[in-house]
Amino acid sequence: MTTTVDPQQFTEPSQTPLALLLLGRQADPNSERGVECPGDLPPASDPDLVERARAAKAALGDRVFILGHHYQRDEVIEFADVTGDSFKLARDAAARPEAEYIVFCGVHFMAESADILTTDAQQVVLPDLAAGCSMADMATAEQVAECWDVLTEAGVADVTVPVSYMNSSADIKAFTGKHGGTICTSSNAKRALEWAFEQGQKVLFLPDQHLGRNTAVREMGFSLDDCVLYNPHKPNGGLTAEQLRNAKMILWRGHCSVHGRFSLDSVNEVRERIPGVTVLVHPECKHEVVTAADMVGSTEFIIKALDAAEPGSKWAIGTELNLVRRLAKAHPDKEIVFLDRSVCFCSTMNRIDLPHLVWALESLVDGRVPNVITVDPETEKYAKAALDRMLALP
């Protein structure tokens, strides 16, 4: 017997007092500092913009290649030639050398990675330059250089290998490459850390503390005591030389503004509300959340898990709401809910909307190339070295 579920059953997160009605106006006091919720998105754009986007894309033909990150809103994803996570999209762009223009519907660090991996003849366009990433912004080149000086003074820099998450700026990727380190994604973080510990005795993990901690403790057998947290806003990172010498994982104090919202209370509440639910979360969530979850995995892992799930199964997903909504729509035979009860999108990712995309495409049709993302040659050289080391991982 086939079990079917009402396709309209997806439960929208409630607009609690903690959910913002205006962008950036409130924050959840129980979340990590700096983690804000932008509230619900505005209605879909004017239908005229849909026709204009279609016309502009058709006029450009193979000259343009549009990339859509999983967290983008549906009206943007509709025009993407490919969808995926940040690294997959950058590689997809590199595989299309015939495209003059790469329009990256994502955030700034993703467009930088695409520029690093594509040819000099291609131009990468970000429809809105305000589409940044709070996590990537939590580690600046100056702060990381100062951290390395602290490690040097503690006598541990020469045995420390930097590993930087893909969600980092080109400058941080370049620092990583220059100091013999590698980049990782949420899918291959364990392999990257295993490689790093073959090269040295310690890892400086940038910029997401949670992915580093969760990978080391959950997947590699380290203890929480093996991990220390480097705070760039405190002298010497808030750590003593002895703490740095004893640590195996030196975690940067950074986090994702969306995944940092999920709490242990979120997990407990959804289990009470939906008996038999499977809690599936992203490894950027806090350690207590991933420990309480049933399954943990990258964005691509989450998508594949739901594709393979049994009809009638119940899921609470701890990742960005646009993707959770899209998955619920794609799987009407399963009950899929957002882990948090309040509305929360990635505010910077959602700056890329249909009006910005239409403006970018129509500008290209008119012969103007807007918002070009360019990484300087020196930065590109070392950032690419770090990316190449990741690509060479077994």
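Visitor: What covers the buried residues of helix α3?

Guide: In this predicted model, helix α3 spans residues 86-94, and its buried residues are Ser86, Phe87, Leu89, Ala90, Asp92 and Ala93. Their cover comes from both strands and helices, and it includes β1 (64-69), β2 (82-84), β3 (101-105), α4 (108-117) and α15 (377-391).

Visitor: How are the axes of helices α5 and α6 oriented, roughly parallel or roughly antiparallel?

Guide: Helix α5 covers residues 141-153 and helix α6 covers residues 170-178; their axes come within 9 Å and cross at roughly 25°. Angles under 35 degrees count as roughly parallel. Therefore the orientation of α5 relative to α6 is roughly parallel.

Visitor: How many nonpolar residues does the contact of α5 with α6 have?

Guide: Helix α5 contributes Ala141, Val144 and Trp148, while helix α6 contributes Asp171, Ile172 and Phe175. By class, this contact has 1 charged residue and no polar residues, and its nonpolar residues number 5.

Visitor: What share of the residues in the protein chain is buried?

Guide: The protein chain has 15 helices and 14 strands. A residue counts as buried when its relative accessible area is under 20%. Of the 394 residues in the chain, the buried share is 57%.

Visitor: What percentage of the contacts with a separation of 6 or more comes from residues 24 or more positions apart?

Guide: A contact requires heavy atoms within 4.5 Å. Among contacts in the protein chain with a separation of 6 or more, residues 24 or more positions apart account for 67%.

Notes. Residues numbered from 1 in each chain as written. Predicted model: local features only at pLDDT ≥ 70, side-chain atom pairs only at ≥ 80, totals over all residues. Heavy atoms only, no water. Helix = DSSP H or I, 4+ residues; strand = E, 2+ residues; numbered from the N terminus. Buried < 20%, exposed > 50% of the residue type's maximum accessible area, 1.4 Å probe, protein only. Axes fitted to C-alpha atoms, helices over the stretch in contact; angles between N-to-C directions. Parallel < 35°, antiparallel > 145°, perpendicular 65-115°, else oblique. Nonpolar A, V, L, I, M, F, W, Y, C, P; charged D, E, K, R; others polar.
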